[in-house]
Amino acid sequence: MPLSIVRNDITRMNVDAIVNAANTALLQGGGVCGAIFKAAGAAELQAACDKLAPIQTGEAVITPGFKLPARYIIHTAGPVYRGGRQGEEEQLRACYLNSLKRAIENRCESIAFPLISSGIYGYPKDEALRVATGAIRDFLDTHDVDVYLVVFDKAAFSISEKLLGEVASYINEHYVERFADERRSRRLLDVERDALRAPAPPPPASSAEYSMPPRIDDLIGNLDEPFSATLMRLIEAKGKTNVEVYKRANLDRKLFSKIRTGDGYLPSKRTVLALAVALELTLDETNDLLECAGFALSHSQIFDVIIEYFIVNGKYDIFEINDVLFEYDQPLLGL
């Protein structure tokens, strides 16, 4: 997945590069910075940093990863938050973009970020998240790299209270888990009763009247068009390009190519929903696309209800959707 939010210790991420939320002097500090120095080997890492120091706020430099699973450490100095009117957003955005540039220059295919400046530097967490996802999304429009936004626990992660409130209200209104088992049992009883009331089957036809059942080849020939064909028609009808769709769907280019070429491949439900969001489909159109792949939305699944909220309300920012899914401990959209 090009951008994924994960709960983990960034020093344990098995990626090409991790990002250190550094100070401008590139000295070992506390928090994430201190943990990275300790895990990498403080003496070796400090010696490498001393050759590159100092750096400016928003700048990014790269060192080896030493004892870390990551091959590289990219060091960037985030801004101290002073009310948001002294260029902090531009500086924070530069941290992400410059770090991503260093990664591409060093042929990294994966990179893991902390939420820069959201700790002792005081940047409001919801705003820090908005800037991070915005900068990363813009970079991914023209580059293919797997990006992880790593948070150690939920306390380090925050999204808009207004959005969370709206989603929570929609879930309360539409989520019906407490009735799902009861309804399922009632349906089974109804099926059993209908079977008992059904008339007896007619006697078997005579050999003269008997006809051979259809061959499996004939059945396959009568199936609906492949998912890939439906998807391509939708992309054309919505006036979008293939690249635009897989980028907006937060999908890897290779996976999209696999879906597009067909050959009987059916994507997962999460991937189908990511494509529906990228295409800005209505709820009816989304259900039709899901049906092509053998899926359906259900009000007995929180994941489905959350996705439905965004589609019904015309909110098609997949990164915003994934923020909310992460908050609810649900799988993210995309690969």
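Buried means under 20% relative accessible area, exposed means over 50%, and partly exposed lies in between (1.4 Å probe, protein chains only). Keep that in mind as you click along.

This is a predicted model, so local features need pLDDT of at least 70 and side-chain atom pairs count only at pLDDT 80 or more, while totals for chains, interfaces and linings use all residues. Residues are numbered from 1 along each chain as its sequence is written, and side-chain values use heavy atoms, with hydrogens and water left out.

**Stop 1**

Select Y309 to begin. At 4% relative accessibility, Y309 counts as buried. Ring pairs link Y170, Y309 and F310 into a cluster. Here, rings of Phe, Tyr and Trp (its six-membered ring) pair if their centres lie within 6.5 Å; planes under 30 degrees apart count as stacked, over 60 as edge-to-face and the rest as tilted. By this rule the structure has five aromatic pairs.

**Stop 2: a tilted pair, then back to the helices**

Select Y81 and Y123. Their ring centres are 4.8 Å apart and their planes stand at 55°, so this pair is tilted. Y81 sits in the loop between strand 4 (72–77) and helix 3 (88–105), and Y123 in the loop between strand 5 (110–113) and helix 4, so the pair ties together parts that are 42 residues apart in sequence. Helices (H or I, at least four residues) and strands (E, at least two) are DSSP runs, numbered from the N terminus.

Return to Y170 and Y309: their ring centres are 5.6 Å apart with planes at 65°, so the pair is edge-to-face. Y170 belongs to helix 5 (residues 161–174) and Y309 to helix 13 (residues 302–312), so the pair ties together parts that are 139 residues apart in sequence.

**Stop 3: helix 14**

Select residues 318–327, which make up helix 14. How many of its ten residues are buried? Eight of them are, so to speak, under cover. The buried ones are I318, F319, I321, N322, D323, V324, L325 and F326. At the N-terminal end, D317 caps the helix, with a side-chain oxygen 3.0 Å from the backbone nitrogen of F319. Just after helix 14, D329 takes a positive phi of about 60°.

**Stop 4**

Most residues other than glycine have a negative phi, and most peptide bonds are trans. Select L26, in the loop between strand 2 and helix 1. L26 has a positive phi of about 55° although it is not a glycine, and L26 is buried at 1% relative accessibility. Next, pick N250 in the loop between helix 9 and helix 10. The phi of N250 is positive too, near 60°, and N250 is buried at 0%. Finally, show A53 and P54, which are joined by a cis peptide bond with omega of about -5°. P54 is in the loop between helix 2 (42–50) and strand 3 (60–64).

**Stop 5: the pockets**

On a 1 Å grid over the protein atoms alone, a pocket is an open set of points where a 1.4 Å probe fits, with protein on both sides within 12 Å along at least five of seven lines; lining residues have an atom within 4 Å of a point. Grid points are joined across faces, edges and corners, and a volume is the space filled by probe spheres set on the points.

Select A21, G31, V32, C33 and G119, which lie nearest the centre of the largest pocket among its 26 lining residues. This pocket holds about 640 Å³ of space. Which helix gives the most to its lining? Helix 1 does, with four residues.

The second largest pocket has a volume of about 460 Å³. Of its 22 lining residues, P2, H143, D144, V145 and D252 are the closest to its centre. Helix 9 gives the most to this lining, with three residues. By class, the lining has nine nonpolar, two polar and eleven charged residues. For this count, Ala, Val, Leu, Ile, Met, Phe, Trp, Tyr, Cys and Pro are nonpolar, Asp, Glu, Lys and Arg are charged, and the others, Gly among them, are polar.

Methods. Polar contact = N/O pair within 3.5 Å; in protein donor to acceptor, adjacent residues only side chain to side chain.
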